Amino acid sequence: RPRGVERHECCAGLERAEIAFMTAAPRRYGFHGTIVAPFQLAPGLDASAIEASLDGFCAQYEAFDIPELALGRIGRFFALVPSSPVDALNAMESAAVEHFHPLMAPLSEIDIARRDPDQLTARQRKNLLQWGYPYVREEFRFHMTLTGPVEPEKQERAETAIRNHFGPRIGEALTVGGLALFAENEPGAPFTVRSLHRFRQPIP
C-alpha cells in the first residue's frame with residue numbers, strides 16, 4: 001500500500017482515515033441503542049427530574065434478551081440490529097415514549113424543519129408532531145449504529161471489515177438490563193453518560 005497509509009489492525013481492509021470518516025457521526029453519540037430520542041427538557045425541569053422518572057420507569061421492568069443480533073443496513077448506515085422483531089423491546093420503547101413525553105419541551109419550528117417533514121410518511125409526520133420524533137412506536141426500529149453514511153463503492157469493504165470485527169457478537173443474544181441517560185452539555189458536543197438505571201431484580 002502507499003507509504004504513510006495506515007490500516008487499523010482491528011478492521012482489516014479499511015484505512016485508518018476511512019474508519020475515522022465512517023464513524024465520525026456515531027462517535028459523537030457513543031455506542032448505544034436509542035429508546036427515547038434526545039429532547040430538550042420542559043421549562044422548569046432539570047436533570048434530576050428525568051433521573052427520578054427514569055428510576056420509576058426502570059422499576060417496572062426485568063431484564064430481557066434480544067435473542068439474536070444481526071448486521072443490518074439502514075439506508076447507507078451500518079448497525080447491529082435484532083435479527084427479528086422483539087416484542088418486549090418494542091413494547092418498552094412504546095411505553096417509554098409515552099412515559100417521558102410530559103418532560104419534553106415543545107418542538108420549535110426549527111426543530112420540526114430539521115426533520116424535513118415533507119420527506120416523511122403521514123404516520124411519521126404525525127409521530128413528529130405528537131411525540132417529538134418520527135421513528136417511534138410502529139415506526140421504531142432498534143439499532144446500534146456503527147457508521148455514518150458509507151459511499152456505495154466502499155460498502156462491501158466496510159461490511160467485510162465490520163463482520164470481521166464484530167463476528168463473535170453477530171448471531172448472539174444481547175441482554176437488555178437497564179437504560180442510560182445521555183446528556184449533551186452544549187450543542188454539537190459529544191454525548192456523555194450521565195447516569196445508569198437498572199431494571200428491577202426478579203423475585204426469587
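Is phenylalanine 199 buried or exposed, and what is its relative accessible area? I began my notebook with this residue, keeping in mind that the structure is a predicted model.

**Entry 1: the aromatic rings**

I looked up phenylalanine 199 and found a relative accessible area of 4%, so I noted the residue as buried, since buried means under 20%. I then counted the aromatic pairs, and the count came to eight. In one of them, the ring centres of tyrosine 61 and phenylalanine 199 are 5.8 Å apart and the planes stand at 40°, so I wrote the pair down as tilted. This pair links distant parts of the chain, because tyrosine 61 lies in the loop between helix H3 (47–58) and strand S1 (64–66), while phenylalanine 199 lies in the segment after strand S7 (191–198), 138 residues apart. I checked tyrosine 61 as well, and at 18% relative accessibility it counts as buried.

**Entry 2: the three-stranded sheet**

Next I traced an open sheet of three strands, which has the order S2-S3-S4 and antiparallel pairing. Strand S2 (69–74) and S4 are the edge strands, each of them pairing on one side only. I found six bridges joining S2 to S3, which run antiparallel, and arginine 73 stands opposite phenylalanine 78 in S3. In the hairpin of S2 and S3 there are two residues between the strands, and glycine 75 takes a positive phi near 65° there.

Which residues does glutamate 139 contact, leaving aside its neighbours within four places in sequence? I first placed glutamate 139 in the loop between helix H6 (122–131) and strand S4 (144–145). The residues in contact with glutamate 139 are Arg123, Gln124, Asn127 and Pro134. With glutamine 124, the side chain of glutamate 139 makes a polar contact of 3.0 Å.

Arginine 137 is also found in the loop between H6 and S4. I noted that arginine 137 has a positive phi of about 55° although it is not a glycine, and that at 28% relative accessibility this arginine counts as partly exposed.

I then turned to glutamate 109, which lies in helix H5 (residues 109–114). Its relative accessible area is 71%, so I recorded glutamate 109 as exposed, the cut-off being over 50%. The C-alpha atoms of glutamate 109 and arginine 137 are separated by 23 Å, and the two residues are 28 residues apart along the chain.

Last, I looked up aspartate 116, which lies in the loop between H5 and H6. Aspartate 116 has a phi near 50°, a positive value in a residue other than glycine. At 39% relative accessibility, aspartate 116 counts as partly exposed, because that value falls between the limits of 20% and 50%.

Methods. Residues are numbered from 1 along each chain as its sequence is written. This is a predicted model: local features need pLDDT of at least 70, side-chain atom pairs count only at pLDDT 80 or more; totals for chains, interfaces and linings use all residues. Side-chain values use heavy atoms; hydrogens and water are left out. Helices (H or I, at least four residues) and strands (E, at least two) are DSSP runs, numbered from the N terminus. A polar contact is a pair of N or O atoms within 3.5 Å; within protein, one must be able to donate a hydrogen and the other to accept it, and residues adjacent in sequence count only if both atoms are side-chain atoms. Contact means heavy atoms within 4.5 Å. Two strands pair if DSSP finds at least two bridges between them. Buried means under 20% relative accessible area, exposed over 50%, partly exposed in between (1.4 Å probe, protein chains only). Rings of Phe, Tyr and Trp (its six-membered ring) pair if their centres lie within 6.5 Å; planes under 30 degrees apart count as stacked, over 60 as edge-to-face and the rest as tilted.
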